[in-house]
Amino acid sequence: MKLGILGGTFSPVHNGHIRLAQTYRQALGLDQVLLIPTHIPPHKTAPDLPDGEHRCRMAELACEEVQGLAVSDLEQRRPGKSYTVDTLEELHRLYPEAELYLLMGSDMFRTVLTWHRAGDLIRLATVCTMERGTDTPSELETQAERIRQSGGEACVIHAAPLDVSSSGIRAAIAAGERDPGTLGLSPRVLSYILQNSLYGTDETAWRYDEAAFVDLARRLEKPGRFLHSQNVAVRAEELARIWGENPMLCRVAGQLHDLCKNLPPEQQFSWLKRLRGPLRDAIMEDKHIAQVPPIWHGPAAAAYIWEELGVYNRRILYGVAYHTTGRAGMTRFEKIIYLADLTSAERDFPGVEEVRELSERDMDAAMRISLEFTAEKMRKNATPATRDTVEIMEEYGVSL
């Protein structure tokens, strides 16, 4: 297997990055090119860099329908600066039979012999570059020979330059440009940017098709469940106004939180396994998750609304995923969805009025008493606890 590695900040990933990866793949006969967003780039400062989760999700959206391209978040999993040699060593462990090709811009190619553990780096992968409009081919070939003389392999691709400015795209987005073709972005990447307030945008300006969401909930949910979802949307909006969160986003999360509740359990678990990034890791790495089917519908819905509805807002996704289990360190948005689910208009369990009243004046007190009710119910039914439930119980001093 011939595996290309294209690293970068990808802020944002644009059509030039995708064409570059495709050109390398064709010219070198690569089986696959991995785009690897850096965690903390060692060679440049990036003060306004979105976090790695955002950049990985954008890269996934850009690569979804492009043959031979994939995204790896392995550098996001390591603390500290993202040194390329560490990434190559990890890839050799993951793909022991693969030939690695390190793909880089010509500016990096010129300096690669000065990088951290450069001698090891050039022995782990063939170092490859492509001409840009300002490059002199002979200079790049001279550098390639230096790499070979230092014990490595190098390759210069002579192809039409693909110069696209990420900084120019960011500036255009901040200035109000919204046409993906003009920006050179996948429409889904632009949607992700706008839904998550990246590069000077405002997530509240994005408009979701709430009428379509309600129609979908009516089709997927049983009548009683549908009524509950609409009540949760109303209650989430009420709590958002009290606590200073965005009412529209909380309402949408309420509309969508139970979309998978009435799906067969095997379908719920199938959707759950399609989660992405840190959300997937936090939930799927819990060895107890398979033992607790009643909580699958939350994370399943988060995966469903990403893939089927194009809902990419991170706050909505996390609010939907954790509306049943909770988790340690919940955001205020997540607590609103959690409490709205418990205190919607049709709820009539003993003590619900106390939780309703507390949720409007002391959110953490409402969380604590809600968790006490949950713990009592779990003890009575001998329900296994997920790691997230255990950790939030501990955070609020509630015994299971």
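**Labels and their cut-offs**

Guide: What covers the buried residues of α12 includes α10 (210-220), α11 (223-243), α15 (297-309), α16 (314-321) and α17 (332-343). This is a predicted model, where local features need pLDDT of at least 70, side-chain atom pairs count only at pLDDT 80 or more, and totals for chains, interfaces and linings use all residues. Residues are numbered from 1 along each chain as its sequence is written, and side-chain values use heavy atoms, leaving out hydrogens and water.

Visitor: What makes α12 mostly covered?

Guide: Nine of its 10 residues are buried. Among them are Pro 247, Met 248 and Leu 249. Buried means under 20% relative accessible area, exposed over 50%, partly exposed in between (1.4 Å probe, protein chains only).

Visitor: Why is the link between Arg 314 and Glu 53 called a salt bridge?

Guide: The rule asks for a side-chain nitrogen of Lys or Arg within 4 Å of a carboxyl oxygen of Asp or Glu. Here N to O is 3.1 Å, so the pair qualifies. Arg 314 lies in helix α16 and Glu 53 in helix α2, 261 residues apart.

Visitor: Why does Glu 53 count as buried?

Guide: Its relative accessibility is 17%, so Glu 53 falls under the buried limit. Arg 314 has 23% and is therefore partly exposed.

Visitor: How do you know that the charged end of Arg 274 sits over the ring of Trp 271?

Guide: The rule wants NZ of Lys or CZ of Arg within 6 Å of the ring centre and within 35 degrees of the ring normal. The charged end of Arg 274 is 4.4 Å from the centre of the Trp 271 ring and counts as over it.

Methods. Helix = DSSP H or I, 4+ residues; strand = E, 2+ residues; numbered from the N terminus. Contact = heavy atoms within 4.5 Å.
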